[in-house]
Amino acid sequence: MLRTAVILALSCTSVVALGREFMGQKVIDAPFAIAGGNTVMLPVTDAGAIPAEDRKAKIEVAGFIVTRSENEPKLAMIVWNFGLTNKSIKNIESVTVAEVAPAELETPLINDTAPNLVKRYWVGATPPVAATRESVPWLFKEGSTIFVFRFTISEPGKKPHVYLQPAWFSNEVKTHFREVIARINGG
């Protein structure tokens, strides 16, 4: 028993000494300037963002899709999609999602006051927005774009659970989405 405890202690020590990893990538804490003038440190890898999670919930999705307008088939639209897994929160009263970076002011995106969880999983989406240089200028700019979203999960009579989730869109990813937009728009 003592031998097992010593081996376990040494194993834990070596993991700490070698650093954190996520999916085989080294994890670092990177600073993110968020709305309100604050800077937060969030874990990331060279491959991108890591899901925010604790023993209560895990953020699974913070990204967007490009789709056709239901009314105008030659008009590309962007829809932000978000998802989380409820690990142990007893009764979720509401889920809100807001963009807190790169915006200087917090931008509310979703306020779900009657969340429907299917097998402990919640999904939310924004209304579609035309995929134009005016409405989503970041997508048409060269270089990577990094967003940070604040997920707030509320349960009756308890302090809300807050998660900050980065979403990283490389120039290559943005180029691909611009090509999809051009095809939809007939260009």
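A salt bridge here means a side-chain nitrogen of Lys or Arg within 4 Å of a carboxyl oxygen of Asp or Glu. The model is predicted, so local features need pLDDT of at least 70 and side-chain atom pairs count only at pLDDT 80 or more, while totals for chains, interfaces and linings use all residues. Residues are numbered from 1 along each chain as its sequence is written, and side-chain values use heavy atoms, with hydrogens and water left out.

By that rule, the count is four salt bridges.

For burial, the cut-offs on relative accessible area are under 20% for buried, over 50% for exposed, and partly exposed in between, with a 1.4 Å probe and protein chains only. Helices (H or I, at least four residues) and strands (E, at least two) are DSSP runs, numbered from the N terminus.

D29 is partly exposed at 40% relative accessibility, and R20 is partly exposed at 42%.

Next, R150 and E106, where the closest N and O atoms are 3.0 Å apart. R150 sits in strand 12 (residues 145-154) and E106 in the loop between strand 8 (94-101) and strand 9 (107-112), so this bridge ties together parts 44 residues apart in sequence. R150 is partly exposed at 21%; E106 is partly exposed at 41%.

Then E142 with R178, at 3.5 Å, N to O. E142 is in the loop between helix 2 (137-140) and strand 12, and R178 is in helix 3 (residues 171-184), 36 residues apart.
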